[in-house]
Amino acid sequence: MQDSGIQSFFDAQAAKHPEKLYLHLNQPYYGVGDTIWFRAYLTDAVTHRPDTLSNFIYVDLYDRAKRLVTSRKIKRDSMGFANCLPLADTLFSGEYTLRAYTGWMLNFDASGFFQKNIVIGQNISKVRHSVTYTDKRMVVRFLDRYERPLSKKEASFDLYDKNGKHLGSGTQRLSSTGAVLVPLPGDSASRGAYADIRISIREDSVFRRTVFIEPPRASFDIQFLPEGGELVGSDMPQIVAFRAVRPDGSPAEVQGYLLNGGNDTVARFRSEHDGMGRFLLTPRESESYRAIAFLDTLSVSVSLPAVRDNACALQVVQGNRDIRYRILGKVPASGLLVGHTRGVCCLLHPVDARQNTGTIRTDSLPEGILHLLLTDSTGCPRTERLVYIRKPGSTPRFTVRADKPAYGVREKVRADISLKRGAQPLSGRFSVSITDADAVKPDSLSDHIYTYLLLTSDLKGYVHNPGYYFLDDSPARQHSLDLVMLTHGWRRFRTDSLFRTAPFRPKFFFEHGQFFSGRVNNMFGKGVGEATLTAFASRGDGLGDRAFTATTDSAGHFLFEGLDFQDTTVFLIPFYNKKGKIPYEIHFEDTYYRPGLTPLAPYLSETIREKRLEEVRRASPPPTGLDSLTTYQIDEVVVHGRDPNAPALRVEKRLHKDTAQFAKLSTMSLEKYVQHFPGMKQMPLGWCIDMGGRMSVPLQFRLNGEVIMGTEFLNLYTVRDIEYIRTVLMPMPGPPLREFLPYLPIGTSPDYPCRFEIYLKEDAQGKRRFGLYRTVGYIPGAEFYHPVYDTPEKLANKTPDRRTTLYWEPYLQLGDDGKGSIEFYTNDKNKSRLEIVIEGIAADGSVCKTRQRLE
């Protein structure tokens, strides 16, 4: 009975079809104007096989202030998910968060989304800054490229908390050392707070920089976690693990001692790896313990968990082929030792007080986290322990052999690749990135497909430098990995009771294809059954406009499915039935929303981040025009001056309320009127307005204060509906435009400086006879550009080739013999050091990864 109930619990978890999503990027960091190339591995969270039901993924890029910078929807192709994310050349340099998820994953905790922090830098920097702190102020000093202070300049700042709430502002003149003084908020508001600083460089331009506050006085937090979860009073020593972190979640290396109730020192401890460590304690019943921990000159006092009566704790010792366990304390009646790996139940073993020790063979267990739970007769876990099962002898291995030991300028490279587990070849499709090792510094300690799928995606909390634990199979490395097991919990699903499965009612469905749904009510609020609806699809360019039909069910619900649109598409649905008499009221259901960002990993400190960005600047050559790390913008400059020779239309804010013209053109559609507005023109970037001097600026459209994409929405109204039009246009002295516009996205930013704002009469909305629904289109596939120098003319081409990613292939096929090959050409560096990274999942579900020099 117990066995079947627990197996039903794990079957129910698998029936939820949980997903994992991992992105392999072509390189670890980028420059503004560059392109992030990625292969997305979407797998079943239990089996790690790619047989999931979702056919779309969402990829978002956020800045450190949690503002969405860019986003893409990617459709599965015949081989999987692969695409790119272009980075605007107007981005600020700094640290960003890349996030990816599916619509189905919205049914689960957002901590299960893929996240990765990446640095995006510039190779040109006219202004540098440094940050120091006093007790009450953050001191930000600005220097020019020659390390000279930007003194006596006018400066202003706005201070925000981590959620973007405005805390204050100020203006001042930079000191003789180029410093601006920003008051620090209170302790509760300082974490994650930032200051937007603006400096008037010249009369017509402003330099902007966002600086995040780090409290001048460091603090830390420490947790003590007994093995098995509870301190058990007995004569047996028990392992107590600890983990110390700073306020941002990064490790804190601490030391200290443990006191009992009589203030006697009973143990001493010191961090062993990344703020984690452990010590032995023999807990005594009715005794209390507290720890005094030190970080430099700081100290904290923390009480350990109380020694509990009738408690039990699971202890384990891991061997090469087995796990030996012991249960301290009172063994529950009808106890059952349960073990699972990623939700697959692999152990059900009865235990009792007469036999509190045992051995678990690990030969047949897969690599990954083994979650052990000791349950009582009701299925409630009394104690648990995580153990990482390693399989060093069965790890797949890549072999990469280049046809030459070294290569010259623009020379062809051929490399043969094979994959085996022991002597057995493995097949599959894998992603391959080859970079210039002199320009792109590798990070062997960061997350990769192996660490993500097998370790970090199944654990609660942040794991610092997860790649460290898989550099080799040494005992020291395994000991450190066990500290991770002792100080982190299982994340994928709750295990409060293994006999009772909470009902699973998903709000979001698998996104097999594009669709939208809703409900039709009559004028009395009752659902209209058997109603035929027609949805007219418009992309605003006159291309691919189509009509779709759907019929409501008895409750008035409708579903438009089988849609396939690459671009954002607007669907117009008439509010009237086929007789044209009874008005419909149409309510659209939300399909998939974009949740707010909660960063999982800490950002780099200001000092380390500036050091990294400086390394990027020094390693990067001037811009080339080829896809590389070297196409960057100049520092953030916002132009606010006015050109006295500008045409009359070019004003900061101008009101247009020509009632005579509105009356003359009253029946013209609003969309057509706007498109014929003076200076309006359609360009590849979208609708722009002529600023003079052969310069056109992309416009953001707003209707009654709301941002709209394109002008097709305006076709629902006529000119007679206009109350007034306001243009907000920021004068520009000349191209290139990217040198002057901030990086604010046209479609989402409330501060975009070039806007066309339309305000309608109060009754205009009531006269509209259409419902409108906007779908997010997917981005078509893109191919990485590989130059080919196979003729003397191409070799002699004077266009510089300073690519940092020399080769990117998201779908390298290895056949049944486990073999494949690649070809590409080098850049303009002679005898470049090349590094190859291969990641993927073999056909049998094995997670595979290698990083090595291409020699």
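How do the residues of the lining of the second largest cavity divide into nonpolar, polar and charged? They split into seven nonpolar, four polar and two charged. Here Ala, Val, Leu, Ile, Met, Phe, Trp, Tyr, Cys and Pro count as nonpolar, Asp, Glu, Lys and Arg as charged, and the others, Gly among them, as polar.

The model is predicted: local features need pLDDT of at least 70, side-chain atom pairs count only at pLDDT 80 or more, and totals for chains, interfaces and linings use all residues. Residues are numbered from 1 along each chain as its sequence is written, and side-chain values use heavy atoms, with hydrogens and water left out.

Back to the cavity. A cavity is a set of points, on a 1 Å grid over the protein atoms alone, where a 1.4 Å probe fits but cannot get out; lining residues have an atom within 4 Å of a point. Points are joined across faces, edges and corners, and a volume is the space filled by probe spheres set on them. The count comes to five cavities of 30 Å³ or more.

Next, the aromatic rings. A pair of aromatic rings is described by the distance of the centres and the angle of the planes. Rings of Phe, Tyr and Trp (its six-membered ring) pair if their centres lie within 6.5 Å; planes under 30 degrees apart count as stacked, over 60 as edge-to-face and the rest as tilted. The structure holds 44 aromatic pairs. One of them joins Y22 and Y452, with centres 5.7 Å apart and planes at 35°, so this pair is tilted. It links distant parts of the chain: Y22 sits in strand β1 (residues 19-25), Y452 in helix α3 (residues 449-454), 430 residues apart. Helices (H or I, at least four residues) and strands (E, at least two) are DSSP runs, numbered from the N terminus.

Are these two tyrosines, Y22 and Y452, buried or exposed? Buried means under 20% relative accessible area, exposed over 50%, and partly exposed in between (1.4 Å probe, protein chains only). Y22 is buried at 4%, and Y452 is buried at 5%. W104 and F108 form another pair, with centres 6.3 Å apart and planes at 65°, so this one is edge-to-face. W104 is buried, at 5% relative accessibility. F108 is partly exposed, at 29%. Elsewhere, ring pairs link F516, F548, F558, F560, F565, F571, F588 and Y773 into a cluster.

Charges also meet rings. A charge sits over a ring if NZ of Lys or CZ of Arg is within 6 Å of the ring centre and within 35 degrees of the ring normal. K73 lies over the face of F56, 4.7 Å from the ring centre. R477 lies over the face of Y468, at 4.4 Å.

Now the backbone. Most residues other than glycine have a negative phi. D296 has a positive phi, near 55°. D296 is in the loop between β22 (289-295) and β23 (298-303), and is exposed at 71% relative accessible area. N465 also is not a glycine, and its phi is positive at about 45°. N465 lies in the loop between α3 and α4 (475-487), and is partly exposed at 23%.

Last, the cysteines. There are zero disulfides, a disulfide being a pair of cysteine sulfur atoms within 2.5 Å. C380 is partly exposed, at 23% relative accessibility, whereas C848 is buried, at 0%.

Terms used
On a 1 Å grid over the protein atoms alone, a cavity is a set of points where a 1.4 Å probe fits but cannot get out, and a pocket is an open set with protein on both sides within 12 Å along at least five of seven lines; lining residues have an atom within 4 Å of a point.
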